[in-house]
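Open the model in your viewer and keep the sequence panel at hand. The stops below say what to select and what is found there.

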Amino acid sequence: MRALDGRWRCPRPARSGGEFWPRCHAVGPWPHRCADRPHRTANGKMSLLRSLRLCLVVRPGSCQLSALGSGPFLPSLQAGLPLLQSPQPWHTFHSGSWLSSASSKELLMKLRRKTGYSFVNCKKALETCDGDLKQAESWLHQQAQKEGWSKVARLHGRKTKEGLIGLLQEGGTAVLVEVNCETDFVSRNLKFQQLVQQVAQGTLSHCQNLKDQLSTYSKGFLNSSELSELPAGPESEGSLKDQLALAIGKLGENMILKRAAWVKVPAGFYVGSYVHGATHSPSLRNLALGKYGALVVCETAELKADLGDLGRRLGQHVVGMAPLSVGSLDDEPGGEAETKMLSQPYLLDPSITLGQYVRPHGVSVVDFVRFECGEGEDAADAE
């Protein structure tokens with residue numbers, strides 16, 4: 001209220017008969033300052049405390065207002081004016097406040113280490129699942145898979161000329177797989193390499209589960225669609241195409257599971273293997289990665305200690321000379337254009353043929369498989 005003298009007057013409430021009425025005015029230069037603040041009455045303080053107590057304690061729908069005493073505010077409260085509820089559990093209204101405890105932060109870090117997803121996504125998963133680690137992990141995979149499949153559709157058709165060849169060997173079973181991506185940068189990413197590992201492990205499990213009585217070696221191939229339908233393995237959910245979608249969602253490039261080959265041998269046979277420029281990682285479980293790979297099936301009367309080195313050298317020859325067939329030891333030596341493996345000049349000693357190199361070792365080469373990353377893409381582009 002502004003007085004005639006231009007100074008502000010602030011009405012000061014006073015209690016009379018249970019109600020608040022303006023009793024006097026405080027004069028001062030500012031409208032929001034009360035000059036006689038020290039003169040508040042005890043009755044005013046008690047009324048204020050009682051009002052606050054009423055707001056904090058009373059719950060909607062409560063019929064026990066009389067327990068707080070009578071006063072001028074009770075009729076209005078009973079008439080239905082909104083009341084402040086009693087404090088609710090913290091997790092129902094403060095998202096993310098569960099991170100305040102050390103155990104919750106440890107749970108967040110554990111989820112992040114286990115899944116590899118971002119801090120923000122792991123935090124959101126734990127909040128959504130009320131701190132349940134297993135449910136949060138499943139929720140993360142579901143969301144990533146949805147995002148991955150949407151990216152699969154969006155990136156479909158983009159060229160995938162880069163990638164890796166993966167070689168995995170266990171006992172008498174060996175597999176080669178090829179997984180392609182758009183750039184060499186992504187092919188060096190650990191997440192992409194883990195995808196190659198999953199594909200190789202899935203192919204190896206498929207081969208080992210085949211119920212066949214071997215009297216000689218067996219060889220098989222899987223195309224892209226057949227490879228995609230294989231189970232992802234005991235440690236992952238769904239099929240290999242689901243894991244492909246997850247990898248596309250994480251890395252943002254188009255990828256394809258191009259092909260796979262497997263070889264199984266019984267006693268009396270041996271599989272030599274080689275990957276050019278092979279890289280190994282302790283986390284990849286004996287998986288060898290490179291741009292070229294070869295498997296060579298040999299028949300031998302006895303297992304010798306040097307068969308590992310011999311098999312690797314035969315694989316090197318297959319990668320370097322790219323033969324189209326095995327041939328026989330009786331074939332005439334050929335030149336650099338020769339396509340029969342045993343008649344080709346030996347890669348590491350061109351003065352002799354590969355057949356002449358193999359004969360003293362008491363080993364017969366019976367078959368081989370050769371993979372080159374991106375093989376066939378140029379022909380497809382030309383068509």
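## Stop 1: a surface patch

This is a predicted model. Start by selecting methionine 109, which lies in helix H3, residues 102-115. Its relative accessibility is 37%, so methionine 109 counts as partly exposed.

## Stop 2: aromatic pairs

The model holds 2 aromatic pairs. For one of them, select tyrosine 217 and phenylalanine 269; the ring centres are 6.3 Å apart and the planes stand at 50°, a tilted pair. Tyrosine 217 is in the loop between helix H7 (190-208) and strand S5 (218-222), while phenylalanine 269 is in strand S7 (residues 269-276), so the pair ties together parts 52 residues apart in sequence. Tyrosine 217 is partly exposed at 23% relative accessibility, whereas phenylalanine 269 is buried, at 11% relative accessible area.

Next select tyrosine 346 and tyrosine 357. Their ring centres are 4.3 Å apart with the planes at 15°, so this pair is stacked. Tyrosine 346 belongs to strand S10 (residues 345-346) and tyrosine 357 to helix H11 (residues 354-358), so the pair ties together parts that are 11 residues apart in sequence. Both tyrosine 346 and tyrosine 357 are buried.

## Stop 3: glycine 290

Select glycine 290, in strand S8 (residues 288-290). Glycine 290 is buried, with a relative accessible area of 5%. Which residues is glycine 290 in contact with, leaving aside its neighbours within four places in sequence? Show Leu164, Ile165, Val275, His276 and Gly277 to see them. Then draw a distance from the C-alpha of glycine 290 to the C-alpha of cysteine 373: the two are 8.4 Å apart in space and 83 residues apart in sequence.

## Stop 4: salt bridges

Side chains of opposite charge can pair when their charged atoms come close.

Select lysine 291 and aspartate 184, whose side chains meet in a salt bridge at 3.4 Å, N to O. The pair links distant parts of the chain, 107 residues apart: lysine 291 is in the loop between S8 and strand S9 (292-300), and aspartate 184 is in helix H6 (residues 184-187). Lysine 291 is partly exposed at 26% relative accessibility, and aspartate 184 is partly exposed at 31% relative accessible area.

Move to glutamate 178 and lysine 258, where the salt bridge spans 3.9 Å, N to O. Glutamate 178 lies in strand S4 (residues 173-181) and lysine 258 in strand S6 (residues 256-264), so the pair ties together parts 80 residues apart in sequence. Glutamate 178 and lysine 258 are both buried.

Now select arginine 370 and glutamate 372, a salt bridge with its closest N and O atoms 3.4 Å apart. Arginine 370 is buried, at 18% relative accessible area, but glutamate 372 is partly exposed, at 25%. To finish the view, select Glu178, Lys258, Arg259, Arg370, Glu372 and Glu375 together: salt bridges that share partners join them into one network.

## Stop 5: a charge over a ring

The charged end of arginine 259 sits over the phenylalanine 371 ring, 3.9 Å from the ring centre.

Notes:
Residues numbered from 1 in each chain as written. Predicted model: local features only at pLDDT ≥ 70, side-chain atom pairs only at ≥ 80, totals over all residues. Heavy atoms only, no water. Helix = DSSP H or I, 4+ residues; strand = E, 2+ residues; numbered from the N terminus. Buried < 20%, exposed > 50% of the residue type's maximum accessible area, 1.4 Å probe, protein only. Phe/Tyr/Trp six-rings, centres within 6.5 Å; stacked < 30°, edge-to-face > 60°. Lys NZ or Arg CZ within 6 Å of the ring centre and 35° of its normal. Contact = heavy atoms within 4.5 Å. Salt bridge = Lys/Arg side-chain N within 4 Å of Asp/Glu carboxyl O.
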